[in-house]
Amino acid sequence: MAALEVERLTKDYGEVLANDDVTFAVEEGEVFGYLGPNGAGKTTTIRTLMGFQSPTSGGGTVLGHDVTDETDLIAAKRRIGYLPANPAFDEGVTGREVLDLHASIKGDERRADLLETFDPPIDRKVRDYSTGNVQKLGLVQAFMHDPDLVVMDEPTAGLDPLMQRAFNDFVEAEKERGLTVFLSSHVLSEVRRVCDRVGIIRQGRLVTTERIEDLLQRTGKFVRVRVAGDVSASAFDIDGVHDVSCSTTDGGRADDRTEADDPDDGNPDDSTAGPSAAAPSDTADTDPPRVAGPVTECTFTFTGDVNELIAVLGGRRVLDLDVEEAPLEEVFMRFYGGNDA
Ligand SMILES: Nc1ncnc2c1ncn2[C@@H]1O[C@H](COP(=O)(O)OP(=O)(O)OP(=O)(O)O)[C@@H](O)[C@H]1O
């Protein structure tokens, strides 16, 4: 049984169709990221799943309970943790009192541990909290009754980088324990680190659901190669090379030599540039080959067979080579952007 299901969910606010026939499921034990640009419809889905608003049509289940059936949902909510976007608590009470109230309804067996991790100033009145501290209090509240499913709307909003990292560590550990997490986010590093799968929504429509690994696989690698000689982009005309761009400079020029030729620049990349190892034997560990004459630097995204790339490079004198995972940002921009294709 899926821990959370959204089935043909449509929410029409009148002027805006905020969710348009959205269908996806989150499996037990999965961490699922729900992504999309501002106003895409993420909060609308989340609030509907939590029973705070009714769908125009369609619906969903959480832990097998119908989200449009109020009574059914009450039973499920004891086993669900929820962190809304911009959580708001009674400003006149302390954080401790907020948690005590929550504990009286759902329990708090994990409160002490969570307070060690997130550490909001629980004896101060909520009105004196910073935005980040409100968020931390919300996180403690969402997890402290040891739920089976946690739903969070932008959980790291307002958290400083250290706290964001603590949150990511925490979610990874929770995943190990088998917790199911559904979260919306704009923070791609966080998504990449903690999520197994993502669903991307744009203008109310689900564009894709995909495993993070597959998304990265499909995106390919970002390649930057420097070769001796005047080489044109057509030299890399093999399957899987995209957006190739080459520029040739005089290899003897000081500015062009700076990175590759300076053994003392402390740049570890100079000595580890993959197939530079395939370059001639004058490629000392700390002293990449010098070259007289033109040097061409080409960059491209590569989704093809790496052996074909090696074959192309094999016929040339490679001075430097970087192969990196393409940034996740690029992948998401494709989906976030205006081009449906
Ligand atoms: N109560 C409402 N009445 C009318 N329109 C609404 C209402 N709530 C949201 N909307 C509109 O529905 C669309 C989706 O909003 P929603 O808050 O679900 O997006 P979101 O993806 O969560 O955005 P963000 O990333 O900015 O939080 C937006 O155009 C928003 O203006």
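Asp 119 is placed in the loop that runs between helix 4 (111-118) and helix 5 (131-143). In this predicted model, Asp 119 is not a glycine, yet its phi is positive, at about 55°. Most residues other than glycine have a negative phi.

Is Glu 154 buried or exposed? Inside 10 Å, Glu 154 has 20 C-beta neighbours, and the residue therefore counts as buried, the cut-off for that class being 20 or more.

A further loop residue, Thr 56, is found between helix 1 and strand 4 (57-62). Thr 56 has 16 C-beta neighbours inside 10 Å and so counts as partly exposed. When residues up to four places away in sequence are left out, Thr 56 touches Thr 10, Lys 11 and Asp 12. Asp 12 lies 44 residues from Thr 56 along the chain, while 6.1 Å separates the C-alpha atoms of the two residues.

Helix 1 itself spans residues 42-49. Six of its eight residues are buried, and the helix is therefore largely enclosed by the rest of the structure. The buried residues are Lys 42, Thr 44, Thr 45, Ile 46, Thr 48 and Leu 49. After helix 1 comes Gly 51, which has a positive phi near 80°.

Which element supplies the largest share of the shell around the ligand? That share, three residues, comes from helix 1. The residues surrounding the ligand include Lys 42, Thr 43 and Thr 44. Also in the shell are Gly 36, Asn 38, Gly 39, Ala 40 and Gly 41, together with Tyr 13, Val 16, Ala 18 and Ala 85. By residue class, the shell divides into five nonpolar, six polar and one charged.

For the protein as a whole, 12 helices and 14 strands are assigned. Of its 341 residues, 34% count as buried. Among contacts between residues at least 6 apart in sequence, 73% join residues at least 24 apart.

The protein is divided into domain 1 (2-219) and domain 2, the latter made up of 221-251 and 292-325. The centres of domain 1 and domain 2, taken over C-alpha atoms, are separated by 44 Å. An unreviewed UniProt entry lists residues 4-228 as "domain: ABC transporter".

The model scores ipTM 0.98 and pTM 0.77. Mean pLDDT for the protein is 86, with 86% of residues reaching 70 or more. Where does pLDDT stay under 50? The stretch concerned is residues 253-284, for which the model has 48 contacts beyond four places in sequence. Where pLDDT is low, the predicted coordinates should not be read in detail.

Technical notes. Residues are numbered from 1 along each chain as its sequence is written. This is a predicted model: local features need pLDDT of at least 70, side-chain atom pairs count only at pLDDT 80 or more; totals for chains, interfaces and linings use all residues. A residue is near a molecule or strand if its C-beta atom, placed from the backbone, lies within 6 Å of it. Helices (H or I, at least four residues) and strands (E, at least two) are DSSP runs, numbered from the N terminus. Ala, Val, Leu, Ile, Met, Phe, Trp, Tyr, Cys and Pro count as nonpolar, Asp, Glu, Lys and Arg as charged, and the others, Gly among them, as polar. UniProt positions are given in the numbering used here, feature names are shortened, and annotations may be inferred rather than shown by experiment. Domain bounds come from an automatic or database domain assignment. pLDDT is the predictor's confidence in each residue, from 0 to 100. Two residues are in contact if their C-beta atoms, placed from the backbone, lie within 7 Å. A residue is buried if 20 or more other C-beta atoms lie within 10 Å of its own, exposed if 12 or fewer, and partly exposed in between; C-beta atoms are placed from the backbone.
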